Amino acid sequence: MPPADQRTGSIYDLGYRRYDGLRLGRQHAVLSLYVYTLRGAFGIGRRASSKIIPIIITVIAFLPALIQLGVAAIVSDEVDIIRPENYFGFVQVPVALFCAAIAPEITGRDMRQRTLSLYFSRALERRDYALAKLAAFATALMVLTLAPQALLLVGNGLASKDLADYVGDNWKDMPRTIISGVGIAAAMGAVALAIAAQTSRRAYATIAVVAWFLVTWPISGILVAEVGGAGRAAALLSPFDFVYGATLWVFDVEPDQDSVQDLAEIPLWGYGAAVAAYAAAGTALVIRRFGRIAA
Amino acid sequence: MNGTLIRLTARQLLGQKRTVLLLLFGLVPVLIAVLYRVAGNDEPQRWAASALNARLIIGTFLPLAALVFGTAALGSEFEDGTAVYILSKPIPRRVIVLSKLLVSWLATAGVVLAATVVATIIALWGEPRDGILVGFALAVVAGALVYCALFMWLSVLTSRALIVGLLYVFIWEGVITRLFAGVRFFSVRQYTLGIADTVVDVPARVFNPRLGEMEAVALATITTALTVYLAVRRLRRWEIGEAS
């Protein structure tokens, strides 16, 4: 008679092993989170349906540059239709849409899937998490604000007769373009993220971000243009208006007749200060939110 | 129509907190109208028709409210995974869509209509109304139906209906319609403005929609019927286990 199954009752000592490999530490964790958040903002590494919307919005941001280059290619030389500050006036709309569509993804995904506790149990601190997310989102927005202008600069330069001449003529706009682009991304991105971080429901976060952009806009327009007096300070309420004011300040351009910035009679540096203040407040709110959230 | 479905959807859409937020949202046009009157400007008719109603309410508030309710009525059932409990019951898809549409329409129209009526009365206080009040009141109620039907169809088509709807409202209707005049035949905002014109009786300088009255009414009817049909058809082909 064969013996009973030999395996019954045998215990294997699998052992718990120490990890003796390289530990990459906090800095590496922050950098990885930054890179993955940035990739995630454009849907890179995600399924195709998460790519569609960021790509459509990015294409919208690039459209005027592409159209201008197309015109320059056909009509040839010296057509300079779009000034950098005007491009920023346009690009605010896709930036706002990008904020509404993507900010809830950046903050809400980890809350919904309850992965925050996994992050916070690692080398990463809560503040690091907030800052990495903020930096990644601001970088994603800079792709919308700066890349089309870079394309325009290079393309126009190549289309003109003398590349060196063209770059020489437009050189002084470069630092201004970069400051403006970074400012727009920082102010709109930080506040949008601060709003979106308040809820894990994607739909609510999107609506709240949209409301910030779109409800303040007509209020500012009417308070400044129709009411006047102390109401003119409302130009600092609407992101579209104060960000454009800051762009005008950076480029040292007078506002158009009867535009909100013209009627508000706020010195243009005030808008620059507003952009800095909004960016700082948004950053502080995001850090505070992730400092307190139950993980 | 199904009473239970209507009651459940209403409870789902009009939670206490959400209703308070929406009333605050509806107060914004009213507040703007008050500020406008306090400042005492000329041409209140033109402002009430072209700025307050056409641009602010029909251009921004109506589509936003319709987006919230139109995509949430059916879309949030898919998002929460509760859609399967409705779709596996012997209720015709047509009844589901129409019941959800009715509730989201009434909710949208209720908020926007209240804002329109109060804001317009304030903006035109002591001025001839010339049908501006009735015309735009009618327009927002009709426009709410068209928008809700459109967004409800989007919400069964894609899980990102909110963003797609935003792109439609602010890029297609806001920017592209301004650049290419022919697109006005495919813009719910233009239908709504055209419907307002059936009652509004003011010179073209004060208010001048880009679609004729009959065109607007016909296109709005066709759009509503078509989007409801497409939503029902999409639900008929839905299979259990399939994410929206």
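With 9 C-beta neighbours inside 10 Å, A:Asp252 counts as exposed (12 or fewer other C-beta atoms within 10 Å of its own; 20 or more is buried, in between is partly exposed, and C-beta atoms are placed from the backbone). The model is predicted: local features need pLDDT of at least 70, side-chain atom pairs count only at pLDDT 80 or more, and totals for chains, interfaces and linings use all residues. Residues are numbered from 1 along each chain as its sequence is written, while chains are lettered from A and ligands numbered from 1 in the order in which they are written.

A:Asp252 sits in the loop joining α9 (239–251) and α10 (260–264) of chain A; helices are DSSP runs of H or I with at least four residues, numbered from the N terminus. Its phi is positive, about 55°, although A:Asp252 is not a glycine. Most residues other than glycine have a negative phi. B:Asp130 is partly exposed, because 18 other C-beta atoms lie within 10 Å.

Helix α7 (residues 173–196) of chain A is a case of burial. In α7(A), 17 of the 24 residues are buried, so the rest of the structure largely encloses this helix. At 1.5 Å a residue, α7(A) should span 34 Å, and its end C-alpha atoms are 34 Å apart, which agrees; the expected span is 1.5 Å times one less than the number of residues.

Within chain B, the axes of α1 (residues 3–13) and α5 (residues 93–123) come within 9 Å and cross at roughly 40°. Axes are lines fitted to C-alpha atoms, for helices over the stretch in contact, and angles run from 0 to 180 degrees between N-to-C directions. The two helices are therefore oblique to each other (under 35 degrees is roughly parallel, over 145 roughly antiparallel, 65 to 115 roughly perpendicular, and the rest oblique). Among the residues that meet are B:Leu5 and B:Leu13 in α1(B), and B:Ile96 and B:Ala107 in α5(B).

Between the chains, 20 residues of chain A are in contact with 18 residues of chain B, contact being C-beta atoms, placed from the backbone, within 7 Å. On the side of chain A that touches chain B, α2 (48–75), α3 (84–112) and α8 (202–227) each supply at least two residues. The most comes from α8(A), with 12 residues.

Note on methods: Two residues are in contact if their C-beta atoms, placed from the backbone, lie within 7 Å.
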